[in-house]
Amino acid sequence: MSDDEEQNGRRARRRAAIESGLRVVGRRHLAEHGAAGLSLRAVARDLEITPSALYRYVRDRDDLLTLLIVDAYTDLADEIDAALVDKRSPRSRFGAFATALRGWALRNRSEYALLYGSPVPGYRAPAHRTNPAGERPLRALAGIVAGLGSIPAVAGTDDRVQSASVRALRRLADDPAVPPNTDPAVLARTLAVWNLLLGSISSELFEQLGPVTDDPEARFAGVVDLGAALLFG
């Protein structure tokens, strides 16, 4: 190996080590200080490099937030995909999806808050960077219901209100995240169930309703069962 090749190899290993450390330290600071409290200077100090050196890897705090968001979405989606591997029926796949979503959130509370909590003041996610990873959890849920030809009506609902709700989502019909030929009513119900899951998980993680239960697993199982009934009857 020539001296140039050896030097290039050392540079590549150092860059890889700093990029890996940046993710680890960034996640730790996210947990300790929240997204709004992220400081590149503090991150650089923990990495034992100068702030100017860190700018070779991230331009500013927003760039670091974007990196953490993409990593978090990817980690969540990978976990969901793994949970669905051995499941065959739509109902069992939905149960596995919901369980994986909550399990990941419980283990990664600060990352969940970054993805599905309150917006970070002054930060606007660059869609071209965050959307591909951010769509993956929704694509997984859409894939579970994609084969449903129709969806059962829910007793007590108003047909006119439900029809207007479906029409309000007509723009989504051409969204790349939506499988082709998905029934608009199925899409509307799927989004409602997605919000039901996120609302339940957020309520638990952030204790929005206080100590309402000493058995959160049973409570969430009830939410999943309700969501399955809304989707599959």
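**Exercise 1. The place of Ala 164**

Determine which helix holds Ala 164 in this predicted model, and decide whether Ala 164 counts as buried, partly exposed or exposed.

*Solution.* 
Step 1. Ala 164 belongs to helix α8, which covers residues 159-168.
Step 2. The relative accessibility of Ala 164 is 33%. Buried requires a value under 20%, and exposed requires one over 50%.
Step 3. Ala 164 therefore counts as partly exposed, because its 33% falls in between.

**Exercise 2. The overall architecture**

State how many helices and strands the protein has, and describe its extent and its surface.

*Solution.* 
Step 1. The count gives ten helices and zero strands. Read from the N terminus, the order of elements is accordingly α-α-α-α-α-α-α-α-α-α.
Step 2. The C-alpha trace spans about 70 × 45 × 35 Å along the principal axes.
Step 3. Among the 233 residues, 38% count as buried. The protein exposes about 13,400 Å², of which carbon and sulfur atoms supply 51%.

**Exercise 3. The largest nonpolar core**

Identify which residues touch the most other members of the largest nonpolar core, and list the contacts of Phe 97 beyond its neighbours within four places in sequence.

*Solution.* 
Step 1. The core has 58 residues, and those touching the most other members are Leu 22, Leu 54, Leu 64, Phe 94, Phe 97 and Leu 197.
Step 2. Helix α4, residues 61-84, contributes the largest share of this core, namely ten residues.
Step 3. With neighbours within four places set aside, Phe 97 contacts Ile 80, Leu 84, Pro 137, Ala 140, Leu 141, Ile 144, Trp 194 and Leu 197. Leu 197 is also one of the residues named in Step 1.

**Exercise 4. Two annotated spans**

Find which residues UniProt lists for "domain: HTH tetR-type" and for "DNA-binding region", and give the helix content of each span.

*Solution.* 
Step 1. The unreviewed UniProt entry assigns "domain: HTH tetR-type" to residues 16-76. This span is 75% helix and 0% strand, with its end C-alpha atoms 23 Å apart.
Step 2. The annotation "DNA-binding region", likewise from an unreviewed UniProt entry, covers residues 39-58. Here the chain is 60% helix and 0% strand, and the end C-alpha atoms lie 12 Å apart.

How values were computed. Residues numbered from 1 in each chain as written. Predicted model: local features only at pLDDT ≥ 70, side-chain atom pairs only at ≥ 80, totals over all residues. Heavy atoms only, no water. Core = buried A, V, L, I, M, F, W, Y, C linked by side-chain atoms within 4.5 Å. Buried < 20%, exposed > 50% of the residue type's maximum accessible area, 1.4 Å probe, protein only. Helix = DSSP H or I, 4+ residues; strand = E, 2+ residues; numbered from the N terminus. Contact = heavy atoms within 4.5 Å. Areas by Shrake-Rupley, 256 points an atom, 1.4 Å probe, with all protein chains shown as cover. UniProt positions renumbered as here; feature names shortened; annotations may be inferred.
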